[in-house]
Amino acid sequence: MLQLMAQRMRRSATWMFAQELLDKPRAVGAVWPSSQALARRMAAQVPVDGTGWVVELGGGTGAITEAILARGVLPERLLVVERSGVFVRHLRQRFPAVRVLQGDAAKLAQLLPAGARVDAIVSSLPLRSLPAPEAGEILAQWVRVCATGGIVIQFTYDLPGLRRHQPPGFRPCASSIVWHNLPPARVLTFARSEARSNR
Ligand SMILES: C[S@@+](CC[C@H](N)C(=O)[O-])C[C@H]1O[C@@H](n2cnc3c(N)ncnc32)[C@H](O)[C@@H]1O
């Protein structure tokens, strides 16, 4: 019974994803929701024992949100930022214990609670299909909000990973390809090596 419900939910989420893709192709930037394999690989990089926020950007249908929670991150530590109202309503219904904010990742610092410590940013934002100035502003926000020692996890369809969006002051610390995704994707992890300046 539970399996059937989960299957139905996934099917309707895929339908919603397709509608959003037709409506806003550049903002969605993917032909299909993230696979469970990709979601698990992203979530595996998230530190579960911290006390700061885990911020997910571009929650979409919630594939990665589900994997982050399954990894053991407490729902009260997870904050999801999503721009599309359709996805926000879906995420709030699906994960009532998680804080889901409707907003633009390019204004992340303004969206976070005052003085928030961010341990990890998990991003499915389509940085390569967003306008370059917007992608640049999003990276600048990561630099602004991420704690020293914190990490950024991002996936890309650029498999060689040559046109990676590496935030300044971060160093690459893990990189792997997930073949079981449509299309296959590379998961890149960056760790903050330089101290954060005051916001
Ligand atoms: C690749 S899709 C989502 C993938 C999602 N993890 C899934 O599997 O369903 C990218 C998501 O980023 C959201 N998005 C795009 N630009 C954004 C921005 N500037 N701020 C917040 N969300 C954004 C889109 O609405 C979309 O949900």
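**Figure 1. Lining of the largest pocket in the predicted model**. The lining of the largest pocket counts 47 residues. Nearest the pocket centre lie Ala27, Val28, Ser124, Leu125 and Pro126. The volume of the largest pocket is about 650 Å³. By class, its lining holds 22 nonpolar, 14 polar and eleven charged residues.

**Figure 2. Elements that line the largest pocket**. Several helices and strands each supply at least two lining residues. The helices are helix 1 (2-23), helix 2, helix 4 and helix 7 (132-145). The strands are strand 1 (53-57), strand 2 (78-82), strand 5 (146-156) and strand 7 (185-192). Strand 5 gives the most, with three residues.

**Figure 3. The ligand in the largest pocket**. The largest pocket is where the ligand sits. Two elements give two or more residues to the shell around the ligand: helix 2 (25-28) and helix 4 (63-71). In total, 23 residues surround the ligand. Ser34, Thr61, Glu82, Asp104 and Ala105 are the closest. The shell comprises eleven nonpolar, eight polar and four charged residues.

Figure 4. The protein buries 99% of the 600 Å² that the ligand exposes when taken alone.

Terms used: Residues numbered from 1 in each chain as written. Predicted model: local features only at pLDDT ≥ 70, side-chain atom pairs only at ≥ 80, totals over all residues. Heavy atoms only, no water. Near = heavy atom within 4 Å. Areas by Shrake-Rupley, 256 points an atom, 1.4 Å probe, with all protein chains shown as cover. 1 Å grid on protein atoms, 1.4 Å probe; cavity = no way out; pocket = protein on both sides within 12 Å on 5 of 7 lines; lining within 4 Å. Sits in = over half its atoms within 2 Å of the grid points. Helix = DSSP H or I, 4+ residues; strand = E, 2+ residues; numbered from the N terminus. Nonpolar A, V, L, I, M, F, W, Y, C, P; charged D, E, K, R; others polar. Points joined across faces, edges and corners; volume = space filled by probe spheres on them.
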